[in-house]
Amino acid sequence: MTFPLFQFAAPQAFFPIAGKMIPWFSILAGALALAGLYVGFFVAPTDATQGEAYRIIFIHVPAAWMSMFLYLVMAGWAAVGLALNTRLSGMMASAIAPTGALFTFIALWTGALWGRPTWGAYWVWDARLTSELVLLFLYLGFIALKSAISDPTRADRAGAILALVGVVNVPIIYFSVQWWNTLHQGASVSLTRAPSMATTMLWGMLLMALAAWMYSIATALARVRHIILERERDAEWVRLQREGLRAAA
Amino acid sequence: MLDAFALVLRREMQIALRRKGDVLNVLVFFIVVGSLFPLGVGPEPNQLRAMAAGVAWLGALLAAVLSLPRLFAADHADGTLEQMLVSPQPLGVIVLAKVAGHWLLTGLPLTLAAPIIGLQYGLPLDALGLLIASLLIGTPVLSLLGVAGAALTLGVRGGGALLALLILPLFVPVLVFGAGAVTASLTGINPGAHLSLLGAFLAVSSFVGPWAACAALRVALD
């Protein structure tokens, strides 16, 4: 273990550096969101067919991206935790899950608000909507399983197995559009061909996606700090920190 | 290894034969659920025919979830499960025998009882055959993935409801393609693709399910 990054696998070492990173990611998230919303609501042109209602995609698409990406990140941490038996990995997976569930919910909610004026219904049983709903259930199941097991090590491992089984579902979500090919429009942004939308729209969406990304990092770090304190409350360094805080007050 | 498989399977069968109620309850539950749907949605024959496969598949899903908590509970309570974990036989073989037992005691009876629901809902004969075929390929997936859920929730607070929450979302592809095969044949589309995809899920879950179940059992009895 000469690679210096492994130092931070110890919760005690990660706690202070996470604390230092949170303000930076929060500021970045706020600035990017302001810029993205400005571009999205004031600069981007009105859509020819969907009118102003389309502007909800500046929140909807980044949220949908993050909801799937965060599940992958969570499952990645879970796999690391299972393979290397590191405590921090399980804590990271626990810290990411609520943010992932939140973005899944936002994606579904904004999708419903966009669907009403565009498709004429809040909800349609399209494959991508349904898989996003299933993703929300997977997040909720992960959180429920973790909270139902009182022993943290056991909870981490059981959650990790569940996350790895559930991760099979994420590619199904992504390819469901091609598989079932129903009502939901195909992806508008692709790496291999020119995007089928105005450049300013694309910029607004990318800025918002980056903002969502920074927000996720900031909240996950904040949450993991709470989890570390909760689980290590009897450790020497937490006791010292508590006494230091008391002395400062 | 084959001996261990046969031994565990025979034991599952013997226990089930001595407590026939457990197996029969699941079967009766399946038929009751199927019979109550028309009372809720009305007796219109065309509507019922279109719903038949979905109702039969949902009934099978719920019946499977209902029967899963028992899969390890008794063995866990009397210490047999611990002996299985420390035995020299690979845990995967024992888990696979448990899966086979679960399928023979729930999946297979449900498949054989499905024509009752099919006839109640006025399914034509070829669609009825497809319903049986899709259940025959699909119900082992329920047992294979379900065993992982049962192992994960072993000895956990609120196990039954939690098991349903964990495992039902994973059953979605089976439900979609299982019921889809029958609906496709009703609308004159070749259902081969649906059955092939079901077969693909069976192949994937026969690897993922027992692996996850073994890992979860080791965590639960750590």
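User: Hi! Let's start with H8(A): how many of its 13 residues are buried?

Analyst: The count is 0, so H8(A) is hardly covered. Bear in mind that this is a predicted model.

User: Got it. Where does H8(A) run, and what does it reach from its first C-alpha to its last?

Analyst: H8(A) covers residues 236–248 of chain A and reaches 18 Å, close to the 18 Å expected at 1.5 Å a residue.

User: And H5(A), which residues are buried there?

Analyst: The buried ones in H5(A) are Asp156(A), Arg157(A), Ala158(A), Gly159(A), Ala160(A), Ile161(A), Leu162(A), Ala163(A), Val165(A) and Gly166(A). H5(A) has 15 residues and spans 20 Å between its first and last C-alpha, close to the 21 Å expected.

User: Zooming out, how many helices and strands does chain A have?

Analyst: Chain A has 8 helices and 0 strands. Along the sequence the pattern reads α-α-α-α-α-α-α-α.

User: What percentage of chain A is buried?

Analyst: Buried residues account for 37% of its 249 residues. As for contacts in chain A between residues at least 6 apart in sequence, 78% of them join residues at least 24 apart.

User: Now the two chains together. How many residues are in contact between chain A and chain B?

Analyst: On the chain A side there are 17, and they contact 18 residues of chain B. Helix H4 (127–148) and helix H5 (152–166) of chain A each supply at least two residues of that chain A side. H4(A) gives the largest share, 8 residues.

User: What is that side of chain A made of, nonpolar, polar or charged?

Analyst: It divides into 14 nonpolar, 1 polar and 2 charged residues.

User: Switching to chain B: how do H7(B) and H9(B) cross?

Analyst: Helix H7 (residues 125–152) and helix H9 (residues 172–186) of chain B have axes that come within 9 Å and cross at roughly 170 degrees. The two helices are therefore roughly antiparallel to each other.

User: Which residues meet there?

Analyst: From H7(B), the residues include Leu130(B), Leu131(B), Ser134(B) and Val141(B), and from H9(B) they include Val174(B), Gly178(B), Ala181(B) and Val182(B). The contact of H7(B) with H9(B) divides into 10 nonpolar, 4 polar and 1 charged.

User: What else is Leu131(B) in contact with, leaving aside its neighbours within four places in sequence?

Analyst: Its contacts are Ala53(B), Ala56(B), Ala114(B), Gly118(B), Leu123(B) and Val182(B). Leu131(B) is also among the residues with the most contacts inside the largest nonpolar core, along with Met74(A), Ala60(B), Ala151(B) and Ala216(B). That core has 134 residues.

User: Last one: what is the phi of Asn85(A)?

Analyst: Asn85(A) has a positive phi of about 60 degrees, although it is not a glycine. Its place is the loop between helix H2 (57–84) and helix H3 (87–119) of chain A.

Terms used. Residues are numbered from 1 along each chain as its sequence is written. Chains are lettered from A and ligands numbered from 1 in the order in which they are written. This is a predicted model: local features need pLDDT of at least 70, side-chain atom pairs count only at pLDDT 80 or more; totals for chains, interfaces and linings use all residues. Two residues are in contact if their C-beta atoms, placed from the backbone, lie within 7 Å. Helices (H or I, at least four residues) and strands (E, at least two) are DSSP runs, numbered from the N terminus. Ala, Val, Leu, Ile, Met, Phe, Trp, Tyr, Cys and Pro count as nonpolar, Asp, Glu, Lys and Arg as charged, and the others, Gly among them, as polar. A residue is buried if 20 or more other C-beta atoms lie within 10 Å of its own, exposed if 12 or fewer, and partly exposed in between; C-beta atoms are placed from the backbone. Axes are lines fitted to C-alpha atoms, for helices over the stretch in contact, and angles run from 0 to 180 degrees between N-to-C directions. Angles under 35 degrees count as roughly parallel, over 145 as roughly antiparallel, 65 to 115 as roughly perpendicular and the rest as oblique. A nonpolar core is a set of buried Ala, Val, Leu, Ile, Met, Phe, Trp, Tyr and Cys residues joined through C-beta atoms within 7 Å. The expected span of a helix is 1.5 Å times one less than its number of residues.
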